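Thanks for coming. I have one model to go through today, so let me put it on the screen.

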Amino acid sequence: MPSPDSHAHPRFARHATLLALMFAATGIGGVVYGARAWMPELASRHGAGIDSMLTYLLVSVGGLFLVSYLALAYFIWRGGRRTAIGPRFASRRTERALSIALGVGMAIIAEGGVLAIGMPVWAEYFDAAPPADAIVIDVTAQQFMWNVRYPGPDGVFGRTEPRLIDDTTNPIGMDRTDPAGKDDIITLNEITVPFGRAVRIRLHSKDVIHSFFLPNFRVKQDAVPGMTPEVVFFPTKTGHFEIACAELCGLAHYRMRGFFNVVPPADFDTWLHKQQESQ
Amino acid sequence: MSEQHGFVRRYVFSTDHKTIGIQYILTGLLMALAGGLLATLIRLQLGWPDHQWLFLSRLLPKGMPSGVMTPEFYLAVVTMHGTIMVFFFISYVLVSGFGNYLVPLQVGARDMAFPFLNMLSYWIAFLAAGVMLASFFVEGGAAAAGWTAYPPLSAVSSAVPGSQMGQTIWILSMALFIASFTMSGLNIVATVFSVRAPGMWMMRLPLTVWSYFIASILGLLAFPPLTAAAVMLLLDRHFGTSFFLPSGMVIGNTHLTNTGGSPLLWQHLFWFLGHPEVYVLILPALGVACDIIPAFTRKPVFGYRMSVWCLMAVGCLSMIVWGHHMFVSGMSPFTGEYFSLVTLTITVPMTIFGVNMLASLWGAKLQLRVPMMFSLGVLALFGSGGFGGLFLGNATADMQLHDTYFVVGHFHMMIGGVTLLATFGAIYFWFPKMFGRMMNETLGKLHFWTTFLPFFTIFFMQHFLGLQGAPRRYYAFTAYDYLQKTRGQNLIISIAAMILVSSQCVFAINFVWSLFKGRVAEANPWGATTLEWTVPSPPPHGNFGNMPVVERWAYEYGVQTVDGDFAVQTVPSQIAPVSA
């Protein structure tokens, strides 16, 4: 059998330099591109925790990405210049040490992030009892809108029955005989909350799976028919924000848009009053 | 074994693993063409959301009347792109195709353990591909609920047009696919277990064989739950059961009579397959790259034994992490923390494996031929894809990133890019063995540069679309104020995608031209060590004249023999010292 090119060829060296430059440029370019504020403006308390989780990952992973691409580039550049191979094998000890060091190192970076930063945020978000003064809102998703319901002055939601649902006259199936429902306030695609109180949203879906996504509040929760998941969060900014659907729900998924307004408490009362008038 | 057969038995209904492998590869490449064209349509829509493509309105009068894609066609295109690329391109070309071609040759067998089953598996696979493509032409168009087919969207025919007949055809095609893939996987496992040549101990197997072996076991364990789920979905759709449909659903003002089902059940069953499935695709990609690299560094791979153990560890771990696809699904948040921790455990073996690949370049005398360039691309994308996984496996970070373009970018780096580049690397590397001719080196290099750079650009940028909160499966990003600034990024991504797609013409031309006009290849053009290089190119029916006796492991590079600076696995220990 004829031997393949068995000596370093200037062609390989030139090409290796080019390829090494490409990988180095990719690594450096990637970090430069990534190192800016990409996230939508932050507007919730637990969101700060999510952002620090993401920042931790962006910084540590960015570093690993840069180092590994530069290492790849170096090996290619150097390898293209060799006329003979280096030692065939590393010693067993080197191999084992490298594996253990890297395995443990990665475990610390990856699992450490979850344990030290991630878990407390997760616990704060899911595990803490909702504050007593939280404003409770019922959101029922359907193709392709968000039905929003406030309990009204009595603070109690009226009964609903799926069999009473009629998309034009009774979109969430309110039981009109229930006195608690008389003062319920219903809006479409618009949630307004008073600044300074926690928000507690009970999610329903009438038809397919939707996902209630508030990019600025770092809130995302699937709305699943047959289930009533709840999200609790604390807005830290007033303003007008958008609600997006993040789970494929059909043709108009891409424009199942809603609005989320955080307003001063006085404005909230006015708004709520106005909504009640127009019911 | 030198039976003479007519044309049909030799090239069509053949039981020769090499013919079947090539059949799988060609079928898969044609499916890739379909999947790639669908990707082009997606990028046309996202890059230029309102542009009227008049020539396309003539080609696709129903999907793009007046030249702008309809949302129903867009969703069908997205669904079919994902389905075709995952199940009908990568699974066919890389897993079944190269698996069939390489495993018997590399373990020193005359054929697969069950040649007839092998032929059957190919023809069922062929049928599955045809059925899937046909679904574009039924009432309501192809399935449109995403490749993950979450019910109720996929279960109720009025939920989306693609959930009329298209979704049923999708399920039937998937059933055929699973049947075929199970046969093929069973065959690979049996072949590795039972027909290895004398002396081919498990710890002498090339990493390619190891990766196919473990991937096939994973496939066998993971596909049955999807089969069960598909049957249940079919029953829900046509026979009034309620496996995935709860009480009280109202779709389009129609009250459904179903009671008691759970949409989450599908997600659990789907991802119980879905997560191991990504390893079914990616392990062979890594295995193939691991075997290509030493042929061009001219030295043994680094840490072979450790790499094998890592493959096994990843295989085991991949079966218990599926819930990381469901962090915000409504599943208990406490399980979310469990799934985070075990998912991130996978980084340990994967890091060791990746670093072993990188360390294989240490001290190398690098020869940058085309298969090597693609393998280095595999290594690079495996790095960046794996790093993205650290974000998504982390439940806290995933709360913001779930179902955004970060996910799209991440899995395209992994099961899109690592597998695509490994497929190309494998084709350039084994083409001479398959067809007896070399592929053109210059065109191959051009193909590498025009594939890697746009590919990396597209999917790297998509991670940052995700950080900006751009949800996936959106027909356009025009409806939201906060997504307006993604407009320019989408344009750049679309332009890069057009370059990427066009660049594949270079590959197609090279492939066809080389089949007929390529330089004639010797038996061992790369000076590689595994058994397939000891037989003529292309190998005869039955592969080996005399059955090979294996004397050493698969990575005996850097030793002097009469052949050069390497010893193939059959070279006895008297001629060159045995390392393993």
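Some bookkeeping. This is a predicted model, where local features need pLDDT of at least 70 and side-chain atom pairs count only at pLDDT 80 or more, while totals for chains, interfaces and linings use all residues. Residues are numbered from 1 along each chain as its sequence is written, and chains are lettered from A and ligands numbered from 1 in the order in which they are written.

Next, the domains. Chain A is assigned domain 1, 10-83 + 90-126, and domain 2, 135-277; such bounds come from an automatic or database assignment. Their C-alpha centres are 40 Å apart. Across the boundary, nine residues of domain 1 are in contact with twelve of domain 2, contact meaning C-beta atoms, placed from the backbone, within 7 Å.

On secondary structure, chain A has four helices and ten strands. These are DSSP runs: H or I of at least four residues for helices, E of at least two for strands. From the N terminus, the order is α-α-α-β-β-β-β-β-β-β-β-β-β-α.

Last, contact range. Of the contacts in chain A with a separation of 6 or more, 73% are between residues 24 or more positions apart.

Note on methods:
Two residues are in contact if their C-beta atoms, placed from the backbone, lie within 7 Å.
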